[in-house]
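Q: I have a model open and want to learn to read it feature by feature. Can you take me through it?

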Amino acid sequence: MPKTAQRRTVPKVPIRPVQAPPPARDRRRRRLADQARAYGFLLGGLVCFALFSWYPAIRAVVIAFQKYTPGSDPEWVGTANFTRVFADPEFAAAWRNTLVFTLLALLIGFVIPFVLALVLNELRHAKAFFRVVVYLPVMIPPVVSALLWKWFYDPGTGLANEALRFVHLPTSNWSNGADTALISLVLVATWANMGGTVLIYLAALQSIPGELYEAAELDGANLPQRIRHVTIPQTRFVILMLMLLQIIATMQVFTEPFVITGGGPENATVTVLYLIYKYAFLYNDFGGACALSVLLLALLGAFSAVYLRLTRTGGEDA
């Protein structure tokens, strides 16, 4: 007899009803809970910024329009602090020295790190050693670095003049001369801060596709032409960013004039930040110091706005 086919029973899968999306009120509540949790993690950093960055900045803007000395009640004087600061002969000298320092830092301290990065990028051996050597000055505390250079620039027994005497060249007053003091400080700042810039340039250079250099070599381009037509166009965004950051940093130079020259000789190295220090802690004029700070803040804010816009657009406008 033929075998009867066995009927297979397929287990029934329960059909789940399609859940409706949560109402808008629940979604809004969940989003607010996520944001509250995120801001809870950020609360410590926000409090530190508020206490040590935002509050002093806002307070300085207020004091800029007040006559304020420690131990006395502040008196509102309007723009009198700005008028008095503008009339100070050191005001023009400080801004002139700061702008000249910034220009010299761009001409010297902006080209040398780029050249060093090109050299390090072409090395085949001991790359790590030379990177450490280039970055070593950054690891030295700024005051210690300035003191070392102050001894180096000593016109009597300093190492700089001793080296010149050894090769039978005329010596210099370096930081003690009114004509050479500012350029001497630029050399100090360049030496002390170029390590980080060199590493950033080096990272940008190593991200350039090698096919571009191979194509340039096939077209007969020599080394200067490859740098001009391949390296600089491929790194122009990084160059522009570092240039803006260097302008912002060099316009706040303080350690080198304070430690090495004390603003002299003949106010040749008085910078805006050093003049702010003099108003606050030597003249006991916090209103004038804050007025100068507001002027410097406005100028640096303009450069910072350009920097933020360029970083936001990713260099498309560069």
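**Reading the model**

A: Start with one residue and its partners. Leaving aside neighbours within four places in sequence, Leu-295 is in contact with Phe-82, Phe-86, Phe-91 and Trp-95. Contact means heavy atoms within 4.5 Å. Leu-295 is found in helix H14 (residues 286–313).

Q: What kind of model is this, and how are residues numbered?
A: This is a predicted model, with residues numbered from 1 along each chain as its sequence is written. Local features need pLDDT of at least 70, side-chain atom pairs count only at pLDDT 80 or more, and totals for chains, interfaces and linings use all residues; side-chain values use heavy atoms, with hydrogens and water left out.

Q: Is Leu-295 buried, partly exposed or exposed?
A: The class follows the relative accessible area: buried means under 20%, exposed over 50%, partly exposed in between (1.4 Å probe, protein chains only). Leu-295 has 23%, so it is partly exposed. Along the chain, Arg-312 is 17 residues from Leu-295, and their C-alpha atoms are separated by 26 Å.

Q: How many helices and strands does the chain have?
A: Both are DSSP runs, numbered from the N terminus: helices (H or I) need at least four residues, strands (E) at least two. The chain has 14 helices and 2 strands.

Q: How does the radius of gyration of the chain read against a compact globule?
A: The radius is taken over C-alpha atoms, and the globule rule is 2.2 Å times the number of residues to the power 0.38. A compact globule of 318 residues would have a radius near 20 Å, but this chain has 30 Å. The C-alpha trace spans about 125 × 70 × 35 Å along its principal axes.

Q: What share of the residues count as buried?
A: Of the 318 residues, 33% count as buried. For contacts, look at sequence separation. Among those with a separation of 6 or more, 65% are between residues 24 or more positions apart.

Q: How many positive and negative side chains are there?
A: Lys and Arg count as positive, Asp and Glu as negative; His and the chain ends are not counted. Each charge is placed at NZ of Lys, CZ of Arg, CG of Asp or CD of Glu. The chain has 27 positive and 19 negative side chains. The centres of the two sets lie 24 Å apart.

Q: How many aromatic pairs does the structure hold?
A: Rings of Phe, Tyr and Trp (its six-membered ring) pair if their centres lie within 6.5 Å; planes under 30 degrees apart count as stacked, over 60 as edge-to-face and the rest as tilted. The structure holds 22 aromatic pairs.

Q: Why is the pair of Phe-65 and Trp-76 called stacked?
A: Their ring centres are 5.9 Å apart and their planes lie at 15°, so the pair is stacked. The pair links distant parts of the chain, 11 residues apart. Phe-65 is in the loop between helix H1 (24–63) and strand E1 (66–67), and Trp-76 is in strand E2 (residues 75–76). Phe-65 is partly exposed at 24% relative accessibility, while Trp-76 is exposed at 59%.

Q: What angle lies between the planes of Trp-149 and Tyr-153?
A: The planes are at 50°, with 5.4 Å centre to centre, and the pair is tilted. Trp-149 is buried, with a relative accessible area of 16%. Tyr-153 is buried too, with 1%.

Q: Which residues form one aromatic cluster?
A: Tyr-68, Phe-254, Phe-258, Tyr-274, Tyr-277, Phe-281 and Phe-286.

Q: Is Glu-90 buried or exposed?
A: Glu-90 has 11% relative accessibility, so it counts as buried. Glu-90 sits in helix H3 (residues 89–109). Not counting residues up to four places away in sequence, Glu-90 touches Asn-267, Leu-275, Lys-278 and Tyr-283.

Q: Which peptide bond is cis, and where do I find a positive phi?
A: Most residues other than glycine have a negative phi, and most peptide bonds are trans. The bond from Gly-264 to Pro-265 is cis, with omega near -10°. Pro-265 is in the loop between helix H12 (255–261) and helix H13 (272–282). Ala-126 has a positive phi, near 60°. Ala-126 lies in the loop between helix H4 (111–122) and helix H5 (127–139). Trp-174 also has a positive phi, about 50°.
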